[in-house]
Amino acid sequence: MIRARFLFILLAAVLFLAPTGGFGLDEAKVPTQDEITGWVDTICIPENRRPGEAGDLQAEDYIYQKFTEFGLVDVKKEAVDLTLWRAQSWSLAAGDEEIPSFYVLNSGFTPADGITGEMVYLGDGTEEAFKATDVKGKIVVIDLDFGILPVLPLILLASYYVYDPDSTFLWWDWQPATWVRENWDAQPEVEGVENTKNAYNMAIKNGAVGVVWILKEQPTNINSYYSPYEGIMTELPALYVGKYDGEKLKERLKNESITGKLILVGTKTPGVMHNIYGILPGKSKESFLITTHHDAPFKGYIEDGTGVGTLLSLAKYFSQIPEGEREKTLIFLASAGHFYGSKGMETWVNTHREDYVKDIVLNVNMEHIVAKEFVENDKGDYEYSGKMQTRGLFIFNNNQFKKAIQEALNDAKLTRTVVVAITALGDDPPGEGIYTNRAGIPIIHYISGPTYLLLDVDTRDKVNFDELVPAAKMFIEVIEKLAPLSRGDLTKKETEE
Amino acid sequence: MKNRKVVSFLISLVSPILPVGALLIFDRLEQALPVLITCAVILCVVIVSIFMLLKTKEKSPGMKIIGTVFGVLGIVVTGVIGLIAGWTLTKI
């Protein structure tokens, strides 16, 4: 009798667990692809979502409205101040020739009729180059060097798990890290310490009147590079020119002396942006913070329309789970000002140290979800490579994290994902995870780094919409699997393999 | 005997590029195992070739020296690529 009952219970357990391999995701509650696509499309209607600009304020209202609609409680829209730097007109002329250009964010403005000066090419703008050339009163032309991201060393030195079932990674795969400016470290200078990696500052110190950055390593001739976005206002006017336009300019500068005219007219006014967050209370006061940012340089489908789409997917899914079945309290935050030094995230973490942050046991941060890889073709245009952009999942060393992520990745089939140590690229993970990481909160940080992120071509064609639902399911699975664990179980484990 | 010496010399001479060829043929990270096996085979062949070269008694040692130097270089390159392939195997 006892044996029969045992067999019945065993059979019932097997039947219950079989469809999902042991994980109880409720398919009916997961938003559909059309629904998530609709959210992403709505977020990306404006031409840009720059911090504090109309498009971003519109996105904030939309997210606020959706959080409220889903039944999140304590939905808040918290203001964060910023300086609204707006370029109104800009141009670059080398002699009589007009060169297509784009403004350098947060750089100095010129008078309406611009500034003129002899143009001098300084290569990568090294300290030696500045010592060898008198740049006083001149416009310096410098190649902008990006960092590189090689896949093999990343995998060998820092990965826990690689999910690439189609065997797409080549031994020599790499990409330019277009968000890392090797010769323009725009962090504030430490007093008394010369920053020789900041060619822009050296141009200021040596009396240049303007800087022209050549986007030497940016694929294609596109010049709409929205950077640096640390939110630091500077005084020297500067413009970008595309790679091929830059090559022509350098060729001319080798053979002749050219007087340049640089115009950059704009305004700086006080502005405001907003963090949007809402809460789904759970059985425990211990919380998971689920984040992305809502601002973008241009339309921002990948940066970070799909991030917002995924955040809304998770908010909607978990809002349908009864409070008594949610192991942890879930805080959903769409932060402001990623393109203003991540000031929104920094402000939220600092403001809420006493009420929320102390109870947060995990931050799941999501950026640049489901991005297609685009590369430069023979004609010098962007072209879809047929592959997904390599994605990184940065995590603390913790076997529970690794196991949950490995299972979720296998279920969701998000190819070309490398699960790496949180410190794989430095002390902090790249993106919005910086401030939670610095606050000591364990983090699962999903991000990819396509080369078009900061350009005006971050458009709808860059999104693999078919992966929106699998991506949402992956995060749901990870959250549900980790939610029953205690704070102690979720911390970094020094000794685990 | 002379033919064997020439073959040994040629193998040693090309040995530094053989593992690179293996990487080009098995160009995916997932193919780390074939790369590792190929490197092991290359190592054995090159070591044997170097011994064959060193065993020959020649008045002019040019071929022996050049062959040995390239052979040792080949062993180093093959060893490094083999190690990377082996390391990769533990990660994928």
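Two residues count as in contact when their C-beta atoms, placed from the backbone, lie within 7 Å. With that cut-off in hand, welcome to a short tour of this predicted model.

**Two domains in chain A**

Where they touch, 18 residues of domain 1 of chain A are in contact with 17 residues of domain 2 of chain A. On the domain 1 side of this contact, the residues divide into 10 nonpolar, four polar and four charged.

**A closer look at helix α7 of chain A**

Helix α7 of chain A runs over residues 243-255, 13 residues in all. From its first C-alpha to its last, α7(A) reaches 19 Å, close to the 18 Å expected at 1.5 Å a residue.

Which residues of α7(A) are buried? They are A:K243, A:G246 and A:L249. Seen down the axis of α7(A), these buried residues fall within an arc of 115°, so they line one face of the helix. The face of α7(A) turned away from the buried side carries the exposed residues A:E251 and A:N255.

What covers the buried residues of α7(A)? The cover includes several strands of chain A, listed here:

| Strand of chain A | Residues |
|---|---|
| β1 | 73-94 |
| β2 | 97-99 |
| β5 | 139-143 |
| β9 | 210-214 |
| β10 | 238-241 |

Chain B has four helices and zero strands, and from the N terminus on its elements run α-α-α-α. Along its principal axes, the C-alpha trace of chain B spans about 50 × 20 × 15 Å. Of the 92 residues in chain B, 34% count as buried. Among the contacts in chain B with a separation of 6 or more, 80% come from residues 24 or more positions apart.

How many residues of chain B are in contact with chain A? Nine residues of chain B are, and they meet nine residues of chain A. By class, the side of chain B that touches chain A has four nonpolar, one polar and four charged residues.

How values were computed: Residues are numbered from 1 along each chain as its sequence is written. Chains are lettered from A and ligands numbered from 1 in the order in which they are written. This is a predicted model: local features need pLDDT of at least 70, side-chain atom pairs count only at pLDDT 80 or more; totals for chains, interfaces and linings use all residues. Ala, Val, Leu, Ile, Met, Phe, Trp, Tyr, Cys and Pro count as nonpolar, Asp, Glu, Lys and Arg as charged, and the others, Gly among them, as polar. Helices (H or I, at least four residues) and strands (E, at least two) are DSSP runs, numbered from the N terminus. The expected span of a helix is 1.5 Å times one less than its number of residues. A residue is buried if 20 or more other C-beta atoms lie within 10 Å of its own, exposed if 12 or fewer, and partly exposed in between; C-beta atoms are placed from the backbone. The arc is that of the directions from the helix axis to the C-beta atoms.
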